Amino acid sequence: MSENVEVKTLVIDGQEASARRGQTILEVARENNINIPTLCHLEGLSDVGACRLCLVEIAGSNKLLPACVATVSEGMEVSTNTERLAKHRRTILELLFAERNHICSVCVANGHCELQSLGQSQGLTHVRLPYRNPELTVDASHERFTLDHNRCILCTRCVRVCAEIEGAHVWDVMGRGINSMVITDLNDDWGNSSCTRCGKCVQVCPTGALFDKSQIGSEHPKHPDFLPYLNLMREAQ
Amino acid sequence: MTTFTPPPLPSDDKRWKIVNGTMRKNGFARHALIETLHTVQSSFGYLDDDSIRFVARSLRVPLSQAYGVATFYHYFSLKPPGEHTMTICTGTACYIKGADKLLAESEMKLGVALGQTTADGKVSLMTARCVGACSRAPVVLCDGKVSGEMSREQLIEQLERWTVE
Amino acid sequence: MNLDELELIARSVRQENAAYDYELNVCMDLACASQGAEMLREALIATGDTSGKKVLVRRTGCMGPCSSGPMVRVDPDDTLYGHVHADHAEKILSSLGNEPVAVLQCDLNEHFDKQVRVVLENAGHIDPEKIDDYIARDGYKALLTALTEMTPNGVVHRITESGLRGRGGGGYPTGLKWGTVAKAGGDVKYIVCNGDEGDPGAFMDRSVMEGDPHRIIEGMAIAGYAVGASKGFMYVRAEYPVAVARLTTALREARRRGLLGSNLCGTTFNFDVEIRLGAGAFVCGEETALIASIEGKRGTPKPRPPYPAVSGLWGKPTLINNVETFANIAPIVRNGGKWFANMGSERSKGTKVFALTGKIANTGLVEVPMGIKLREIIEVIGGGVPNGHTFKAVQTGGPSGGCIPAEMLDLGVSYDALLKVGSIMGSGGMIVMDDTSCMVNVARFFVEFCMTESCGKCIPCRAGTAQMYKLLTRICDGSGTMDDLSLLEELCVTVKETSLCGLGMTAPNPVLSTLKYFRNEYVDHIVHKRCTAGVCNIKAPAEVLA
């Protein structure tokens with residue numbers, strides 16, 4: 001019976017909260033000023049549940065759930081910040097830092113990189129895992145933007161914004177596993193692709209993988225917050 | 001509404017008609033992408049940019065998505081195969097029975113790494129993730145034909161036969 | 001087509017067969033075929049034609065004991081010959097009616113005595129390309145009985161009663177799954193058969209698809225009736241071209257006989273099946289990835305819920321079962337749920353087909369009742385470890401499973417028991433390892449597999465398996481430290497607990513189970529720079545030896 005009720009009540013980190021049926025744990029948590037770290041999630045884009053940073057614990061279950069896609073249920077008891085979760089989050093961030101070449105000090109996104117600030121907020125002090133140091137390329141063929149694979153964390157925000165918001169689907173992922181790469185068209189140079197030059201992918205990129213050539217050195221080059229506004233305007237039409 | 005016109009066949013090579021046939025059979029639906037890429041590979045031996053572009057445009061699949069699919073599945077090859085292909089099964093049973101040694105042996109004999117073709121275009125060296133002939137491990141496929149309980153000597157002999165041909 | 005017409009076909013096939021004095025059944029499955037079974041069959045036909053005896057030479061699917069192939073079974077005498085080649089044809093033909101050819105006879109009584117054949121009941125008895133052969137052995141009777149005498153609910157109930165659990169690996173109760181899809185709303189639903197047997201070292205599903213394809217089609221059609229679906233997809237590995245060809249023929253034959261198509265058996269039920277080719281991605285065994293692949297996309301899994309039973313292929317309720325699960329359906333419908341539930345153990349009913357391979361005398365396919373001890377499978381059915389070596393471990397469940405040591409061979413095979421010891425049932429690969437196998441190297445082999453098969457979507461699986469591989473490689477080549485080992489263990493826990501799909505969640509299992517039972521081998525590599533099995537190429541200088 002309770003499944004049909006439109007309003008659910010649940011407990012997040014000991015705090016009582018109410019939610020509409022179908023809301024995700026992440027939405028409800030943020031409404032209640034409870035911070036759950038995220039990386040692949042971006043308000044205004046579909047969710048893929050890929051980065052696993054937003055995993056939370058549910059009382060009575062050993063399985064961790066991704067808060068960005070898991071929906072609330074009546075009486076649910078959610079813990080977002082246990083020692084177990086903190087450990088996993090640090091390991092996941094460590095995996096990302098060791099996967100490609102993230103050298104903050106020489107990165108264009110230094111100081112406004114979501115990966116960097118997550119590392120700080122989650123208390124990642126050093127990386128114990130061996131650095132993989134893969135040899136990756138930088139694509140500067142586009143007249144306005146640059147793609148640096150060394151900094152890419154494969155969150156696929158660029159792929160989603162291009163397909164879902166711009167409607168061009170110029171970006172996608174090629175290969176698989178550790179060899180996955182974001183590409184434009186048939187792995188063509190970005191500058192020679194069917195890119196519409198709207199720049200949305202650059203705005204949503206959480207790291208220095210996609211950047212605007214003219215903004216190098218500026219303080220806050222990215223503004224991913226245009227998405228909810230865009231969606232709202234579309235709905236209104 | 002813009003009406004959709006499928007692109008013309010890339011050339012008058014008859015094989016494009018076979019490729020087109022697969023798409024037609026599936027009503028040019030997007031979900032026929034993998035089926036069609038299979039037809040391209042069985043007709044041409046591999047997938048190149050032109051064929052992926054043709055299929056993607058015909059099925060109205062974004063180019064990057066088609067390329068993402070073509071490179072996701074290991075069965076698809078983006079390079080033309082050699083005259084002959086030696087495929088070494090690296091499934092668990094074959095591994096337990098020494099498939100890694102057969103692979104190393106072949107790499108040395110041919111002077112190419114796994115996934116490559118000899119400079120003269122004669123032999124490609126590939127691996128397969130289990131062909132299901134585990135009870136006869138280690139197994140290799142010589143131009144697709146299964147040979148079981150393969151010894152080092154037999155393998156070298158086969159490779160030599162191909163390279164001097 | 002109705003039940004009477006089906007019986008007529010069956011009777012005429014039996015009459016036709018009765019006109020022959022002898023049947024020579026030749027196994028043409030991959031293992032036998034790779035050793036010249038086709039030439040043997042041709043020789044038997046040619047010799048048979050001139051022998052004056054009325055002999056039927058039949059091509060069949062896998063008979064089981066592949067290591068004795070090529071195999072021939074002579075009926076009605078039930079004489080089994082092994083290692084038969086074309087030049088033996090005359091000897092066999094002339095022996096008919098006399099003493100059997102002693103040198104070719106196989107003594108496999110012990111091998112067969114412990115087995116119970118449900119899924120493989122037709123293996124070695126029918127020509128997989130002849131639908132009438134299948135019909136003569138009660139084929140399609142279950143489908144027509146279900147359509148004319150049972151309600152869809154009744155079918156679901158029977159499957160539930162049987163206690164059948166998914167044979168693809170997870171062991172989810174099949175009846176429950178069917179019931180969920182049956183209750184899901186909407187006019188359009190789909191049946192999907194998972195024939196993407198990606199587990200390296202397993203070939204049960206290939207053998208069933210190649211040797212008895214109609215059994216799967218019948219199971220799918222029954223499922224379609226039970227849950228209200230009229231369209232099925234058979235997702236088959238492209239690496240199995242023979243299976244694809246056999247299934248294509250079988251579908252055509254079934255349509256011709258009116259066993260697929262519209263208004264089956266004069267009812268309002270329509271059902272047809274389309275084949276979809278996999279393209280070499282182990283992750284497509286995962287349900288949501290498989291669905292993405294059928295939709296023509298990259299085979300990347302999605303978070304569940306929503307489950308495919310509610311929102312699957314093109315967002316419609318979709319029932320996904322694997323080949324062996326569907327192969328169990330017709331006999332359950334024919335013989336009743338209780339009949340099936342009487343076999344096996346408390347919570348694992350029926351039989352299970354295993355592909356027995358590795359360092360074992362009788363390699364091949366075996367079908368055993370659930371609950372049978374591992375020891376019986378390995379020592380009796382499998383004939384033990386050959387060449388004077390000693391047994392070290394048996395690996396079940398493929399890259400998602402674990403290695404079980406000698407001390408645990410008295411374990412009864414069931415979903416729960418295998419899980420308890422750190423392995424899984426999996427799809428049915430069973431690989432025996434002896435003292436020449438290094439368990440650290442085996443763990444590295446599986447992690448390498450998972451690394452290359454990871455779809456790359458979620459970080460723990462994509463980067464975690466790559467790091468595990470790196471650490472295991474260090475340990476294998478003698479440069480690993482005890483710190484590396486503890487880092488590896490920590491990483492295993494994170495990958496297991498945080499990965500998005502089953503591939504990542506189970507990828508650490510081969511490492512964790514070898515660490516649990518063979519930790520000394522890891523320590524040997526790290527501290528003593530020694531690989532006792534002699535597999536690893538340890539580069540470190542010998543003076544490190546303690």
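**From domains to a helix pair**

Let's start with chain A, which splits into domain 1 (2–81) and domain 2 (99–227). Keep in mind that this is a predicted model. Taken over C-alpha atoms, the centres of domain 1 and domain 2 of chain A sit 27 Å apart. The two do touch: eleven residues of domain 1 of chain A are in contact with 14 residues of domain 2 of chain A. On the domain 1 side of that contact in chain A, you'll find eight nonpolar residues, two polar ones and one charged one.

Now move out to where two chains meet. Chain B puts 32 residues in contact with 39 residues of chain C. Which elements of chain B each supply at least two residues to the side that touches chain C? They are α2 (33–44), α4 (63–72), α5 (92–96) and β4 (145–147). Sorted by class, the chain B side that touches chain C comes out as 18 nonpolar, ten polar and four charged residues.

Last stop: a helix pair inside chain C. Two packed helices are described by the angle between their axes and the distance between the axes. Here, helix α8 (residues 152–162) of chain C and helix α11 (residues 213–227) of chain C have axes that come within 7 Å and cross at roughly 120°. Because of that angle, α8(C) counts as oblique to α11(C). As for handedness, the crossing of α8(C) and α11(C) is left-handed. From α8(C), the contact draws on P152(C), V155(C) and V156(C), while α11(C) brings I222(C), Y225(C) and A226(C). By class, the contact of α8(C) with α11(C) has six nonpolar residues, with no polar and no charged ones.

Conventions: Residues are numbered from 1 along each chain as its sequence is written. Chains are lettered from A and ligands numbered from 1 in the order in which they are written. This is a predicted model: local features need pLDDT of at least 70, side-chain atom pairs count only at pLDDT 80 or more; totals for chains, interfaces and linings use all residues. Domain bounds come from an automatic or database domain assignment. Two residues are in contact if their C-beta atoms, placed from the backbone, lie within 7 Å. Ala, Val, Leu, Ile, Met, Phe, Trp, Tyr, Cys and Pro count as nonpolar, Asp, Glu, Lys and Arg as charged, and the others, Gly among them, as polar. Helices (H or I, at least four residues) and strands (E, at least two) are DSSP runs, numbered from the N terminus. Axes are lines fitted to C-alpha atoms, for helices over the stretch in contact, and angles run from 0 to 180 degrees between N-to-C directions. Angles under 35 degrees count as roughly parallel, over 145 as roughly antiparallel, 65 to 115 as roughly perpendicular and the rest as oblique. A crossing is left-handed if the near helix is turned anticlockwise from the far one by less than a right angle, and right-handed if clockwise.
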